[in-house]
Amino acid sequence: MKHAALITHGPMGSALIEAVRNIIGMDEGLHALSVTDMTLEEINHRLLAIVKAPHEQQDGLVIMACLKGGSTWNVSAGIAMNYQNVRVVSGVNLPMILSFVTKRETYSLDELVEEIINDGLRGITTLK
């Protein structure tokens, strides 16, 4: 099973996982990492612990960072470059996580990342 790590500033990742649990009724394979008051070394250490866990290495891990260019993205990108089964996307939102949970068994890791991005973008709209 593919896993996802939500790496965010503040408790947003935990809140999104709770929302998924309320909507779908499960949160298996979802991990939240809040980087509040953490050094880059601490962020790297904590995220590596998730990446290196045996169950994450089986089918792959998608790291969903809250902000491209921020510490969440920079540490995630640095780690992903060293792991063939890790992908990183930015702009984490609820449609992305729902897409991940419902499609992770259907698609390859790279196809899943494309689905996540597309579904996340479709979730951004306006009412005119």
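Reader: Which residues is Asp119 in contact with, leaving aside its neighbours within four places in sequence?
Author: In this predicted model, local features need pLDDT of at least 70, side-chain atom pairs count only at pLDDT 80 or more, and totals for chains, interfaces and linings use all residues. Residues are numbered from 1 along each chain as its sequence is written, and side-chain values use heavy atoms, without hydrogens and water. Contact means heavy atoms within 4.5 Å. By that criterion, and with those neighbours left aside, Asp119 is in contact with Pro95, Ser99 and Lys103.

Reader: Does Asp119 count as buried or exposed?
Author: Buried means under 20% relative accessible area, exposed over 50%, and partly exposed in between, with a 1.4 Å probe and protein chains only. Asp119 has 13% relative accessibility and therefore counts as buried.

Reader: What lies 3.2 Å from a polar atom of the side chain of Thr8?
Author: Thr8 touches Gly13 and Leu33, among others, not counting residues up to four places away in sequence. At 3.2 Å from a polar atom of the Thr8 side chain lies the backbone nitrogen of Gly13.

Reader: At roughly what angle do the axes of α2 and α4 cross?
Author: Axes are lines fitted to C-alpha atoms, for helices over the stretch in contact, and angles run from 0 to 180 degrees between N-to-C directions. The axes of α2 (residues 40-51) and α4 (residues 71-80) come within 10 Å and cross at roughly 50°.

Note on methods:
Helices (H or I, at least four residues) and strands (E, at least two) are DSSP runs, numbered from the N terminus. A polar contact is a pair of N or O atoms within 3.5 Å; within protein, one must be able to donate a hydrogen and the other to accept it, and residues adjacent in sequence count only if both atoms are side-chain atoms.
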